[in-house]
Amino acid sequence: MSYLGVGFSPGTVLAYHSTNLKLFDKRIKIAELVLRFIILGLGVVAAVLIRTDSLVKVFFSFKKEAKFTDVKALVFLVVANGLAAGYSLIQGLRCVVSLVRGSVLFNKPLAWAIFSADQMLV
């Protein structure tokens with residue numbers, strides 16, 4: 001019984017019952033696929049922009065061109081963006097296969113591995 005004097009039994013808890021669970025599941029998979037490919041595109045764009053950027057500074061009559069390889073943090077950033085884009089591509093392909101064939105998660109450890117890798121990329 002609650003403090004308001006209204007009690008309920010665990011047998012009377014409301015539950016959502018729908019006949020459109022497959023449609024809902026498909027929409028979730030499509031949303032995941034779209035988000036994965038957005039991440040892929042943004043990762044590739046960021047890596048390309050950093051990789052191709054350069055700066056020319058003229059000091060008196062000397063020209064010095066700075067590239068991303070001059071700063072180790074930028075090299076790490078290019079590699080990290082490339083890895084994130086590659087991971088998103090693999091997971092996007094998994095989403096496509098999941099939409100075509102149904103579920104492709106074979107077991108809980110694989111689901112936990114995917115979840116953990118997703119959290120590391122955030």
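## A walk through the predicted model

Strand β1 (residues 54-59) and strand β2 (residues 62-67) run antiparallel and are joined by six bridges; two strands count as paired when DSSP finds at least two bridges between them. This is a predicted model, in which local features need pLDDT of at least 70, side-chain atom pairs count only at pLDDT 80 or more, and totals for chains, interfaces and linings use all residues. Residues are numbered from 1 along each chain as its sequence is written, and side-chain values use heavy atoms, with hydrogens and water left out. Strands (E, at least two residues) and helices (H or I, at least four) are DSSP runs, numbered from the N terminus.

Let's stay with the hairpin for a moment. Val-58 has Lys-63 of β2 opposite it. Two residues sit between the strands, and Phe-60 takes a positive phi near 55°. Is β1 largely buried or in the open? The number of buried residues among its six is zero, so β1 lies largely in the open. Here buried means under 20% relative accessible area, exposed means over 50%, and partly exposed lies in between (1.4 Å probe, protein chains only).

Next comes helix α2. Its 30 residues should span 44 Å at 1.5 Å a residue, and the end C-alpha atoms are 43 Å apart, which agrees; the expected span is 1.5 Å times one less than the number of residues. Among the buried residues of α2 are Val-78, Asn-81, Tyr-87 and Arg-94. Why does Asn-81 count as buried? Because its relative accessibility is 17%. Leaving aside neighbours within four places in sequence, Asn-81 is in contact (heavy atoms within 4.5 Å) with Gly-43, Ala-46, Ala-47 and Ile-50. After α2 comes Gly-102, with a positive phi near 110°.

Finally, look for the aromatic rings. How many aromatic pairs does a search of the whole structure find? There are two. Rings of Phe, Tyr and Trp (its six-membered ring) pair if their centres lie within 6.5 Å; planes under 30 degrees apart count as stacked, over 60 as edge-to-face and the rest as tilted. Phe-59 and Phe-60 form an edge-to-face pair, 4.7 Å centre to centre with 75° between the planes, and both residues are exposed. The ring centres of Trp-112 and Phe-115 are 5.7 Å apart and their planes lie at 85°, so this pair is edge-to-face. Trp-112 and Phe-115 are separated by about one helical turn because they are three residues apart in helix α3 (residues 108-121).
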